[in-house]
Amino acid sequence: MSGRIPRQFIDDLLLRVDIVDLIDSRVPLKKSGNNYVARCPFHNEKTPSFSVNRSRQTYHCFGCGVGGNAISFLIDYAHLGFVEAVEDLAAFVGVEVPRENAESTDVVKADNAAVYKVLEAVAAFYAEQLRGEQGQKAVAYLKNRGVSGRIAGQFNLGYASAQWDAVLSRFDRQALLDAGLVVVKDDGKVYDRFRDRLMFPIRDKRHRVIGFGGRVLDDSLPKYLNSPETAVFSKGKEVYGLSELLAANAKPSRILVVEGYMDVIALAQFGVTHAVAALGTATSKTHMEMLFRFTSELVFCFDGDNAGRQAAWKAVDAALPCLRDGRQIRIMLLPQGHDPDSLLRQEGLDGFERQINQALMLSDYFFEHLGAAQNLASVEGRAKLLADAKPQIEKMPPGFFREMMFSRLRELTGAGLRDKSVERVFKKPPRAPSGKGSPLMRKVLALLLQYPRFALWAEQQLRGVSDNHLPGFDFLQNVLAVIAEQKPENSAVLIEFFRGSEYEKAVNALVNLDLGLIELDAEAEFQGALRQLLRQMGEARMSYLIEKLSRGEVLTAEELMEFRSGGKTNPG
Ligand SMILES: [Zn+2]
């Protein structure tokens, strides 16, 4: 992998960039009071609830809850990975990204550049071959499938000839090896991986060719052959058709997930430009998380046969952990004997869209699938459904969707709401460590995140305060420790330290919590709130000690002292 980007560089970058300029260059902002606002680019709305704060260098949407610093914005808005976002941010500011361990990094970087380059060149070569003499039979196949030259061009389709060294004789051997375009035999001989196949270049979300799929033109096997895993290509992470889909529409309202390359092409031919295909692997959680970055609804299209049903259930299984509120999945089982192409021909575009709209919601499919095997009129059948469904639903992230799945299960199994044993089964999902202590704790945390300079005084006040079991106390200690150690100059730098941690979401929400204060009052407010919090901590500590005594346990010497001083937390 590439070398690490030095932490210090990221902090400096966040101090150097102006988030207002950055966001304004993509989403035009209007000044409103201390903030800049716009209609949120992450959800549909009529009145602006997306707000950017220049002094904190953060943004937040009060409608959908997104928020963060300049790096987060690029990750969310441009669908970039962390490193990509830092690179783009550096380019925006006009600086180079340094790498630790620069020497080895340069080599790795150069190699990947050569791999991307050869993949792009070979894609162009295959496309040229398709138009040439040798490509005639591939063209005939496409024509037979009703694929026009325009669509073939749009997807950059190509043809790999039957020759053993068509690419080998033309391109750099090492780059071809690294790109997976040639194969080394046991005897050390090297030859082209793809021969006599219709070629589908696979591009990533940044529109770079990362691999190929190749389809035979007759009945020989394997029907489809994919590039192997390489430094730039991973089947478990990529899908076919995403680049073309994003070029047609950067924010599709839904994405259709079909089984094969030719399905994507055939659909595009009919004007359905929002389809992608998995690359010969089952659709994984990683795929879904990636696709949900571009849309809020996925529709999985499967053959109506047994294999299709099995694949559909696998997809449902993989999807459950990704089903946060606001995300939707439908399962579309095609009528027997149909693929998306043939169904479209039979039904026309309108009819096809209607079928998509009628596709089962994941929740319906889930209970239909699990319930079908059981006789729900019997106690045994209902118990079996309960046993099968519960662990599955527990994979879902906490939220309304999960709650509703549970309540549906209650209905179906007839598990009485007043039945204590069943209530226990349906226990509440664990609370996310969002520091959602009391409103007071939230206020202290928010002020601390918004004005990191208050931490010094807070630390003095809290020194020697023992663990008092107050919700959010761990979070508070964490924030204080990060500020003490990193001395962040603004909120944007501070929240960067929480990226990827369990506190990330809570930090982003609190840093933008509107406390209705004017700047001048903030410090006094903070001191007042913290003093009040310290009192609460003392009381919480007292009740803990009393509880311990009432259980007949012995207090330690320190605890006894604390108890005698009435829960006053003990400095040192
Ligand atoms: Zn929003």
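This is a predicted model: local features need pLDDT of at least 70, side-chain atom pairs count only at pLDDT 80 or more; totals for chains, interfaces and linings use all residues.
**Stop 1: the zinc ion**

Select the zinc ion together with C40, H43, C61 and C64. The ion is held by the SG atoms of C40, C61 and C64 and by the ND1 atom of H43, at 2.1 to 2.3 Å. The angles among these four donor atoms run from 102 to 119 degrees, and the site is tetrahedral. Along the chain, the donor residues follow the spacing C-x2-H-x17-C-x2-C. C40 sits in the loop between strand 2 (35-38) and strand 3 (50-53), while C61 belongs to strand 4 (residues 58-61), so the pair ties together parts that are 21 residues apart in sequence. Are C40 and C61 buried or exposed? Both are buried.

**Stop 2: D11**

Move to helix 1 (residues 7-16) and select D11, which is found there. The relative accessibility of D11 is 10%, and because buried means under 20%, D11 counts as buried.

**Stop 3: G260**

Next, find the loop between strand 13 (255-258) and helix 10 (261-269), where G260 lies. With 15% relative accessibility, G260 is also under the 20% cut-off and therefore counts as buried. Select Y240 as well and look at the two C-alpha atoms: G260 and Y240 are 8.4 Å apart in space and 20 residues apart in sequence.

**Stop 4: helix 14**

Select helix 14, residues 362-372. Which of its residues are buried? They are L362, S363, Y365, F366, F367, L370 and G371. To see what these buried residues pack against, show three helices: helix 12 (306-319), helix 15 (379-393) and helix 16 (400-413).

**Stop 5: helices 19 and 20**

Finish with helix 19 (residues 455-462) and helix 20 (residues 473-486), whose axes come within 10 Å and cross at roughly 125 degrees. That angle makes helix 19 oblique to helix 20. The crossing of helix 19 past helix 20 is left-handed. To display the contact, select A455, A458, E459 and L462 on helix 19. On helix 20, the contact is made by F473, L476, L480, I483 and A484.

Conventions: Residues are numbered from 1 along each chain as its sequence is written. Side-chain values use heavy atoms; hydrogens and water are left out. Donors are N, O and S atoms within 2.8 Å of the metal (3.2 Å for Na, K and Ca); water is not among the atoms, so sites may look incomplete. Four donors count as tetrahedral if all angles lie between 85 and 135 degrees; four count as square planar and six as octahedral if opposite donors are over 155 degrees apart and all others between 65 and 115; anything else is irregular. Helices (H or I, at least four residues) and strands (E, at least two) are DSSP runs, numbered from the N terminus. Buried means under 20% relative accessible area, exposed over 50%, partly exposed in between (1.4 Å probe, protein chains only). Contact means heavy atoms within 4.5 Å. Axes are lines fitted to C-alpha atoms, for helices over the stretch in contact, and angles run from 0 to 180 degrees between N-to-C directions. Angles under 35 degrees count as roughly parallel, over 145 as roughly antiparallel, 65 to 115 as roughly perpendicular and the rest as oblique. A crossing is left-handed if the near helix is turned anticlockwise from the far one by less than a right angle, and right-handed if clockwise.
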